[in-house]
Amino acid sequence: YPHSPPPDWSRRGVLWALGGAAAWPVADILQGEGHRKAKGLGFPLQTLTDECEIDACINRDKRVFNRAGRRFSLTQEFDKNGSKSTGSAVWEGDVVLTKYMDKELPASYWKDKTVLELGAGIGFAGMVAALLGAKDVVLTDGDEKVLDLARRNVEANLKPEEVKKSNVIYERLKWEWAADPAWKYETLGGKPIDVILAADLSYYKENIPPLITMMRALCGPNTEVLLTHTVRPTDGDSMQQFYKRFDVQKINTGPSFDGHPETFMYRMKAKSGADSQASEGTEGGCREGYVYKKAINLCVPAAK
């Protein structure tokens, strides 16, 4: 599947070849929670929704999870009409992010917060934020069809009064728009964004610079970004780009990560000063008013 994230499926293929999936209770398969030790294998055997072959997991019509006291039944359309949009399915980063939101952050963290989800896909994390107490929830994606899928999932999983209480809205947002210095995010009428959610958006290295630029454009001095990333063989040092623009706390321990040793949480806040305006660039490729700094491989504001 050329448009899906390219994880290493070798261990998963081994599990299926050994016939382990046939022994999983139906309830575990549907809930998509937890893991157990495979007899004699010595490593975790995931339930079907948490770790599985793409055909058995991503191409499912439904995925079911328990979050924030709610049983979510999520519609996927990854393979509908020949489409392979990554936003039309639940990936491992979404599983970890929503667990972390629900189990490892205090209820006070979400109370009355303004939350924006980038690359929302089916809107799983945004819905969890709404149930946890967020006052405003904006689900954004660059694909109108994916936004429609998010809307249908919200209508199927949240009560109308819950949607109204959290002011859930949907918005098409292309990350490259933020490359224009004149661009400003005005949907919330200038209201600061408290939390930005980003689940598994960094699997294509070439998408990281525009993603970072958009995050920086959306961030205020107190905005926190919660980004999950699953390590893949093609990553190289791509995630280091975030450290140039953000103060980063990288996390991979706690109950949310059980059975997900290759998925990490990046809790980030934008750096202040000139660093906050820096952007990826190459010599001669910086926009007007910026100069290239070879030592850090960034375009930074020119001295006035």
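Analyst: Start with confidence. The chain averages a pLDDT of 78, and 69% of the residues score at least 70. pLDDT is the predictor's confidence in each residue, from 0 to 100. This is a predicted model, where local features need pLDDT of at least 70, side-chain atom pairs count only at pLDDT 80 or more, and totals for chains, interfaces and linings use all residues. Residues are numbered from 1 along each chain as its sequence is written, and side-chain values use heavy atoms, with hydrogens and water left out.

User: Where does pLDDT stay under 50?

Analyst: Over residues 1-51. The model still has 108 contacts beyond four places in sequence for them; a contact means heavy atoms within 4.5 Å. Residues 278-284 are also below 50, with 19 contacts beyond near neighbours in sequence. Where pLDDT is low, the predicted coordinates should not be read in detail.

User: Why does Asn157 count as buried?

Analyst: Buried means under 20% relative accessible area, exposed over 50%, partly exposed in between (1.4 Å probe, protein chains only). Asn157 has 7% relative accessibility, so Asn157 counts as buried.

User: What is Asn157 in contact with, leaving aside neighbours within four places in sequence?

Analyst: Its partners are Arg70, Arg71, Phe72, Ser73, Leu74 and Met127. Asn157 itself lies in helix α7, residues 144-157. Helices (H or I, at least four residues) and strands (E, at least two) are DSSP runs, numbered from the N terminus.

User: What makes helix α6 mostly covered?

Analyst: Count its residues. In α6 (residues 124-132), 8 of 9 are buried. Among them are Phe124, Met127 and Leu132. Just after α6, Gly133 takes a positive phi of about 120°.

User: Which strands form the open sheet, and in what order?

Analyst: The 7 strands run β7-β6-β5-β8-β9-β11-β10, with mixed pairing. Two strands pair if DSSP finds at least two bridges between them.

User: Why is one side of β7 and of β10 left without a neighbour in the sheet?

Analyst: β7 (168-172) and β10 (246-251) stand at the edges, each with a single partner strand, so one side of each has no neighbour in the sheet.

User: How many bridges join β9 to β11?

Analyst: There are 6, and the two strands run antiparallel.

User: Which strands does helix α9 lie across?

Analyst: Helix α9 (residues 208-218) lies across β5, β8, β9, β10 and β11, at about 165° to β5. Axes are lines fitted to C-alpha atoms, for helices over the stretch in contact, and angles run from 0 to 180 degrees between N-to-C directions.
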